[in-house]
Amino acid sequence: MALCSIIRHLLLSAIALSLLHCTHTGDKEYLPANLSYFFSELHVKGYEGMMELIDPWLEKARKIREEEFSIGSSSEMAPTIRQAYIIALSRAHHDSVVDKLVKNIRSRTSTKTDFFPMISVIARQSSAGLKNPDRSPLERATYFYILENIITSVSTYVVSDKRAVEILQIIANADIEVPDSVHNERYIHALEPRSLSPSKVAENILKKTISK
């Protein structure tokens, strides 16, 4: 009886260790986030709430501008203003708030930086972030929103400004495939249904533009 008890104990221990091993080997270490906020923190915020997050970056850009006038330093405004755009673009585009935020940032920074080169850099970074499996699904889902918002922001300019076309080409050429884990994060936090890859959306807009 004692021998049977020992054997049973060893078998149970082996099973437990096996399950524990499977659980831990399924875990993944993700890279630290490159974003200040995930969409899950932003989609419930209205215009005023979003501006509370964005204004400090615009104020920082203003101070940098003043310092440049006084001491003639090289520009550090671009990364600061880019951060303001990234926060605005990270919010789910289920109403007009993102459009208003982008217009506000653009109007307050138009004399300091050009909109299209700024958005082009963000499009490249976000495309790479969304494709990177070492980023968490929540971070990748936020890049997904950023790209969707960029497409919305520049698509109205494709006929009048070739830089808008170039930004769409960056996204289309990234050939992004959105994994289920990213779609799931969008649904869990914002009840977002599955949608086309940003690359496919950009490609479709470009095809329509060329055919006209």
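Guide: Happy to. Keep in mind that this is a predicted model. Let's start with the largest pocket, which has a volume of about 180 Å³.

Visitor: What lines the largest pocket?

Guide: Asp99, Val102, Lys103, Arg106, Phe115, Thr152, Ser153, Thr156 and Tyr157 do. By class, that lining has three nonpolar, three polar and three charged residues.

Visitor: Which element gives the most to that lining?

Guide: α5 does, with four residues. Both α5 (97–109) and α7 (137–155) supply at least two residues each.

Visitor: Now Ser90: why does it count as buried?

Guide: Buried means under 20% relative accessible area. Ser90 comes in at 1%, so it counts as buried. Ser90 is found in the loop between α4 (77–89) and α5, and it touches Tyr37, Phe39, Leu42, Thr142, Tyr145 and Ile146, leaving aside residues up to four places away in sequence.

Visitor: What makes Ser90 and Ile86 a polar contact?

Guide: The cut-off for a pair of N or O atoms is 3.5 Å. A polar atom of the Ser90 side chain lies 2.6 Å from the backbone oxygen of Ile86, so the distance is within that cut-off.

Visitor: And Pro193, is that one buried or exposed?

Guide: Exposed means over 50%. Pro193 has a relative accessible area of 52%, so it is called exposed. Pro193 is found in the loop between α9 (180–190) and α10 (198–211). Its C-alpha is 7.6 Å from that of His183, ten residues apart in sequence.

Definitions and conventions: Residues are numbered from 1 along each chain as its sequence is written. This is a predicted model: local features need pLDDT of at least 70, side-chain atom pairs count only at pLDDT 80 or more; totals for chains, interfaces and linings use all residues. Side-chain values use heavy atoms; hydrogens and water are left out. Buried means under 20% relative accessible area, exposed over 50%, partly exposed in between (1.4 Å probe, protein chains only). On a 1 Å grid over the protein atoms alone, a cavity is a set of points where a 1.4 Å probe fits but cannot get out, and a pocket is an open set with protein on both sides within 12 Å along at least five of seven lines; lining residues have an atom within 4 Å of a point. Grid points are joined across faces, edges and corners, and a volume is the space filled by probe spheres set on the points. Ala, Val, Leu, Ile, Met, Phe, Trp, Tyr, Cys and Pro count as nonpolar, Asp, Glu, Lys and Arg as charged, and the others, Gly among them, as polar. A polar contact is a pair of N or O atoms within 3.5 Å; within protein, one must be able to donate a hydrogen and the other to accept it, and residues adjacent in sequence count only if both atoms are side-chain atoms. Contact means heavy atoms within 4.5 Å.
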